[in-house]
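Take a moment to turn the model around, then follow the topics below.

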Amino acid sequence: MSTQAVEKISLAQEAWEKRPLIISGPCSAETEEQVIETAQRLAKTGKVNAIRAGIWKPRTRPGSFEGVGTKGLPWMQQARKITGLPVAVEVATGKQVEDALHFDVDILWIGARTTVNPFSVQEIADALKGVKVPVLIKNPINPDLELWIGAAERVAKAGIDQIGLIHRGFSNYGNTEFRNAPMWHLAIEMKRRNPGMMMINDPSHICGRRDILQDVAQKAIDLDFDGLIVETHIDPDNAWSDAKQQITPEAFGEMLSQIVWRKEDIDSADFHSHLEKMRQQINHLDDELMTLLGQRMKIADKIGQYKKDNAVTILQTTRWNEILERAYQKGDPLGLSKEFITRYMDAVHMESINRQNKIMNS
Ligand code: PEP
Ligand code: MN
């Protein structure tokens, strides 16, 4: 291996081991000056471990700026040379992998619109065979963990041993406060199913706006994510893509300094014994909840039998509305959110219906 190749691996390696791992840079590389200035100002914060930029942009609609293409790669090479920081770009085809590697890109990432497509992921994986480069995989745009896991498996099978995950939220129908719903429980489940695999959070694509970036980043850190990838631009309002969610490198530096960094664990016996006590309380309450749920289902079974004997339908909409309304009224003063109560009652109610259905048809 050439000295240059060895240096390149160590630069990426060094960043890869940083916790938290902080990646930042523009949504898209637009001009050489913009890439270089962003990188320099990010490096100046002293808080960033790698520079990102989109070279090929997978836009939802044609006619939007689709990236500068290969001519942007030497700009990244230059940014890397000037700052000494590794650079990361998105790849969506085998050819893009080859081009990126040809221009010494240190870290590759697979975008959300690519993770959904096993053909594309396989093509990327094939181009990665025999190469040593870290690869980050964004969650697919739809909330499907299997696709995300499948993408990681394809890349792993190609022999890549540095694989990380990026949680960037999931498409949702209609307007919500987020551009892409975080659905934190899916990221948590993905972490549970891939222990040891790095997962960083992308507040920019979750929020789609600047004012809530800090909150989402803090939440990710509180959930023990390994780092952040955040879009920054020297002139955010005039960015050629994703203008609303980008912030200046300095604003990002400030955002990072305001984050409260918590540890997953500390080495204190007092802390552990106190935590253990509170966990015991939780376990105890969970046991009680299980017992109560079991009792509730037994009564639902009885109702099912009774409805069957009297030839009445399982679902009576007015009753379901009444149950929900009661739950909201009880839950509100207890500090339980309407969203949680809806999800919880829905799960309980579905289980009741399934059991009653079995009874009806037995
Ligand atoms: C990006 O990181 O600029 C991007 C296109 O993100 P995503 O794949 O998450 O939409
Ligand atoms: Mn973007």
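The second largest pocket of this predicted model has a volume of about 310 Å³. Among the 15 residues that line the second largest pocket, Ile303, Lys307, Arg319, Ile323 and Gln356 are the closest to its centre.

**Pockets**
- Helices α12, α13 and α14 each give at least two residues to the lining of the second largest pocket, and α12 provides the largest share, with 5 residues.
- That lining of the second largest pocket divides into 8 nonpolar, 4 polar and 3 charged residues.
- The largest pocket holds about 500 Å³ of space, and the closest of its 15 lining residues to the centre are Arg326, Ala327, Lys330, Tyr344 and Met345.
- For the largest pocket, α13 supplies the largest share of the lining, 6 residues, and by class the lining has 10 nonpolar, 1 polar and 4 charged residues.

**Metal site**
- Which residues coordinate the manganese ion (ligand 2)? They are Cys27 (SG), His205 (NE2), Glu231 (OE) and Asp242 (OD), at 2.1 to 2.4 Å.

**Nonpolar cores**
- The largest nonpolar core has 66 residues, and Val89, Leu108, Leu128, Ile137, Leu228 and Phe252 touch the most other members.
- Helix α7 contributes the largest share of this core, 6 residues.
- A second, separate core of 13 residues includes Ile23, Ala88, Ile107 and Ile200.

Methods: Residues numbered from 1 in each chain as written. Chains lettered and ligands numbered in written order. Predicted model: local features only at pLDDT ≥ 70, side-chain atom pairs only at ≥ 80, totals over all residues. Heavy atoms only, no water. Donors = N, O, S within 2.8 Å, 3.2 Å for Na, K, Ca; no water. Core = buried A, V, L, I, M, F, W, Y, C linked by side-chain atoms within 4.5 Å. Buried < 20%, exposed > 50% of the residue type's maximum accessible area, 1.4 Å probe, protein only. Helix = DSSP H or I, 4+ residues; strand = E, 2+ residues; numbered from the N terminus. 1 Å grid on protein atoms, 1.4 Å probe; cavity = no way out; pocket = protein on both sides within 12 Å on 5 of 7 lines; lining within 4 Å. Points joined across faces, edges and corners; volume = space filled by probe spheres on them. Nonpolar A, V, L, I, M, F, W, Y, C, P; charged D, E, K, R; others polar.
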